[in-house]
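Subject: Structure handover

Hello,

Here is the structure I promised to pass on. Please open it first, then read my notes below.

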Amino acid sequence: MNILTVTLNPAIDETVVLDRLEVGAVHRARQVRQNAGGKGVNVASCLADWGTPVEAHGLLGADNAASFDALFAAKAIGDRMIRIPGSTRVNLKIVDDAGTTDINMAGIAIDGKVAHEMTEALRRRLQAGDLLILSGSLPPGARPDLYADITAMAKRAGARVLLDTSGTPWRLALTADILPDAVKPNRHELSEWLGRPIETREDLLKAVDRLRADGVELVVISAGEDGALFASNEGALTGRLQIGDLASTVGAGDAMVAGIAAALAEGAGLERIARLSTAFAVAKLGMAGPNLPELGTVQALAREVVVEWLPGPAQALNDRPGERGEKK
């Protein structure tokens, strides 16, 4: 199985570390760094650190592609990005003791010709059994149903699709005739899709049930420090892990997507998906940029993830324990 990521609106993430962000004040940065990024690029970077072969597809501005060239070469990521005229956007991440403030730019505008060229290049590359990861926002000028179209194309080719986006592209992908196999929204994105707030675990499980009934096989709902909820035909569970030292929260959700993909590549069941993806996300928090620590650290974290199987038919049939870490 090949894993392919798609990043249509990549970014160079410029992270500025401050003592404290104050509106209207003059600040002196403690640290500034830049990383080639964009959600699909971050996913590919983490998968490469895990040792999983991966290809990066999508669009890059030709004028400032050097940091992406260096990342792909250093991590042996298959570079299938199409260079287009212009500069890839630079997104600003301001980090202080209170958290991370994101200022995201719009990206390079594209037309239907560029979108068709990228889609056709992807179609020629896809094979039955591949896993295609569609991540992030669409660039200006792209049709909002582009992810829905790519999903249908990939599914017709026999590939599986993991979708991680938001807004109108997310809603259109979930109302299309052919749905992705897996999705990873957060609570806010799920609420936007439902058109109402999600206030309780019951609300969350109802939303998951609706996605599963519509045909999405694997649903992962991320909830930050509260962990994440995972649901498939095996049932539903939560996975959480105590968060240690934070180097950067930028790309933690993308690391979780990479962990889901790595587990799917193993043919793993739901509990392993929860353990590995949670470990990826927490491990990334201790690293600057879209990187994972050494494999042993991630494996140790996966063993420490606390898993709680939620009541339901699948749990009753399989007689699973309620809450535990992995047996050593």
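Which residue just after H8 takes a positive phi? Gly267 does, with a phi of about 75°.

Before the rest, the ground rules. This is a predicted model, in which local features need pLDDT of at least 70 and side-chain atom pairs count only at pLDDT 80 or more, while totals for chains, interfaces and linings use all residues. Residues are numbered from 1 along each chain as its sequence is written, and side-chain values use heavy atoms, with hydrogens and water left out.

Helix H8
Helices (H or I, at least four residues) and strands (E, at least two) are DSSP runs, numbered from the N terminus. H8 covers residues 252-266, 15 residues in total. From first C-alpha to last, H8 reaches 21 Å. That is close to the 21 Å expected at 1.5 Å a residue (1.5 Å times one less than the number of residues). H8 is largely enclosed by the rest of the structure, because 12 of its 15 residues are buried. Buried means under 20% relative accessible area, exposed over 50%, and partly exposed in between (1.4 Å probe, protein chains only). Among the buried residues of H8 are Asp254, Met256, Val257, Ile260, Ala261 and Leu264.

Salt bridges
A salt bridge is a side-chain nitrogen of Lys or Arg within 4 Å of a carboxyl oxygen of Asp or Glu. The whole structure has 17 of them.

- Arg83 and Asp69 meet at 2.5 Å, N to O. Arg83 is in strand S5 (residues 78-84) and Asp69 in helix H2 (residues 66-74), so the pair ties together parts that are 14 residues apart in sequence. Arg83 is partly exposed at 31% relative accessibility, and Asp69 is partly exposed at 36%.
- Arg201 and Glu308 have their closest N and O atoms 3.7 Å apart. Arg201 lies in helix H7 (residues 201-214) and Glu308 in strand S14 (residues 306-309), so this pair ties together parts that are 107 residues apart in sequence. Arg201 is partly exposed, at 43%.
- Asp149 and Arg143 meet at 2.0 Å, N to O. Asp149 is partly exposed at 36%, and Arg143 is partly exposed at 43%.

The loop between H2 and S5
Ala76 is found in this loop. Ala76 is not a glycine, yet has a positive phi of about 55°. Ala76 is exposed, at 69% relative accessible area.

Cores and strand S8
A nonpolar core is a set of buried Ala, Val, Leu, Ile, Met, Phe, Trp, Tyr and Cys residues joined through side-chain atoms within 4.5 Å. The largest has 55 residues. Leu47, Phe72, Ile133, Phe230 and Phe280 touch the most other members. A second, separate core of 44 residues includes Leu8, Ala159, Ile198 and Leu204.

Contact means heavy atoms within 4.5 Å. Leaving aside neighbours within four places in sequence, the contacts of Ile133 include Leu47, Leu162, Val257 and Ala261.

Ser135 lies in strand S8 (residues 131-135). At 1% relative accessibility, Ser135 counts as buried. With the neighbours within four places again left aside, Ser135 is in contact with residues including Val6, Tyr147, Lys39 and Asp164.

Best wishes
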